[in-house]
Amino acid sequence: MLFFKKEQKQNNENGLAVSVPDLIAQQRYLPYLLRHHDFLTSNRAGNVKSAFKGRGMELEEVRAYNFGDDVRDIDWRITARKSEPFTKVYAEEKDRVITVVLDLSASMVFGTRKELKSVTAAKTAALLGWLSIRNKDRFGILIYDGKNSGYFKPQGSLKNLMAVFNKIAETSRRILDKSAEGNLGDALSVLEYHQKGQGTIFILSDFYHFDNVQFKNIAALAKNNKVYCINIFDVLEDIAPPAGDYKASYNGQEVIFNSAPDKFKQEYQKYFAQNRENIRKNCQKFLCKYLEIRTDIPIFKQLQLV
């Protein structure tokens, strides 16, 4: 993948990093999401069945009675029909666990219009955090800067969300001066260690250099969790740049090219479209949800959670 830039230097500093007020401001978009989606729209905790079985509100199964089972749960109707005791097993209800993997590695520090991919990803994470707080769910996050992973245990408090916002903002500023390419699979391995029970995981990344080995990490998480892979991309990774001379740099090498020929535009768009299609197919293979968010389009208009 090549990162392109015009010879003319941009002076606009907006959209290079995200601040805590920027993240807090994402709360304003909740009504737009809640109007169209019921994914995170419960008014109370207890909207998700737990993996643990116990005395709860929803019947999980009816099975043969075992020594030590509560006699109050015996299903007398089936017991009479089968001539042996059967008991009801209930699914215990608990609050939902929402975990975000926020990729802030080197490839995310790129953008040509409105803001960097890292900024869009950070705002998306904040919006998911506000959704969690709104629905009394526990929100956790793993922030990956290409070298280190900072993990915040899922909690349902506003205090925890503000601590997350401070860490995101600090990392967003720091990676402008020094960023690392890293391997997102390493971050997913860290999350595998921390993730207990069942929950919903959102992976916010451009999935740059993401291969089948790394998708095995996602497959492992998808066994016990609902996983969303949200591909954050810039308009220049979707549509060929306007006709003109550009400089491309990669691994210390530079080349100047002209984007005017139609063949160039077709091959250019085909390349990036194929990359996104490969990610989509891998998500289908491992039963993950796939979403796309382009940095120059409002996030709430693209975040289809159902």
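These questions and answers walk through a predicted model of one protein.

Me: How many helices and strands does the protein have?
Reply: The chain holds 306 residues, and 46% of them count as buried. Its secondary structure comes to eight helices and 11 strands.

Me: Among contacts between residues at least 6 apart in sequence, what share joins residues at least 24 apart?
Reply: Take the contacts between residues at least 6 apart in sequence. The share of these that joins residues at least 24 apart is 74%.

Me: Which element gives the most to the lining of the second largest pocket?
Reply: This pocket has a volume of about 370 Å³. Strand E8 (225–233) and helix H8 (262–285) each supply at least two residues of its lining. The top contributor, with seven residues, is H8.

Me: How do the lining residues of the second largest pocket divide into nonpolar, polar and charged?
Reply: The lining has 19 residues. Asp206, Phe207, Tyr208, Asn275 and Ile279 lie nearest the pocket centre. By class, the lining divides into 10 nonpolar, five polar and four charged.

Me: Asp206 meets which side chain in a salt bridge?
Reply: Asp206 is among the residues nearest the centre of the second largest pocket. Its side chain forms a salt bridge with an N to O distance of 2.8 Å. Asp206 sits in the loop between strand E7 (199–205) and helix H7 (212–222), and its partner lies 89 residues away in helix H4 (residues 117–134). That partner is Lys117.

Me: Are Asp206 and Lys117 buried or exposed?
Reply: The cut-off for buried is under 20% relative accessible area. Both Asp206 and Lys117 fall in one class: buried.

Me: How far apart in sequence are the parts that Asp238 and Arg294 tie together?
Reply: The side chains of Asp238 and Arg294 meet in a salt bridge at 3.1 Å, N to O. Asp238 lies in the loop between E8 and strand E9 (245–250), while Arg294 is in strand E11 (residues 289–294), so the parts tied together are apart by 56 residues.

Me: What separates Glu277 and Arg280 along helix H8?
Reply: Their side chains meet in a salt bridge at 2.3 Å, N to O. The two residues are three apart in helix H8, so the separation is about one helical turn.

Me: Which accessibility class holds Glu277, and which holds Arg280?
Reply: Partly exposed runs between the buried limit of 20% and the exposed limit of 50%. Glu277 has a relative accessible area of 27%, which makes it partly exposed. Arg280 stands at 26%, so its class is also partly exposed.

Me: Which residues do salt bridges with shared partners join into one network?
Reply: The structure holds 15 salt bridges. Those that share partners build one network. Its members are Arg113, Asp238, Arg276, Glu277, Arg280, Glu292, Arg294 and Asp296.

Me: Where is Lys136?
Reply: Lys136 has a positive phi, near 60°, in a residue other than glycine. It counts as exposed, at 53% relative accessibility. Its place is the loop between H4 and strand E5 (138–144).

Me: Where is His209?
Reply: His209 is not a glycine, yet its phi is positive, at about 60°. Its place is the loop between E7 and H7.

Note on methods:
Residues numbered from 1 in each chain as written. Predicted model: local features only at pLDDT ≥ 70, side-chain atom pairs only at ≥ 80, totals over all residues. Heavy atoms only, no water. 1 Å grid on protein atoms, 1.4 Å probe; cavity = no way out; pocket = protein on both sides within 12 Å on 5 of 7 lines; lining within 4 Å. Points joined across faces, edges and corners; volume = space filled by probe spheres on them. Helix = DSSP H or I, 4+ residues; strand = E, 2+ residues; numbered from the N terminus. Nonpolar A, V, L, I, M, F, W, Y, C, P; charged D, E, K, R; others polar. Salt bridge = Lys/Arg side-chain N within 4 Å of Asp/Glu carboxyl O. Buried < 20%, exposed > 50% of the residue type's maximum accessible area, 1.4 Å probe, protein only. Contact = heavy atoms within 4.5 Å.
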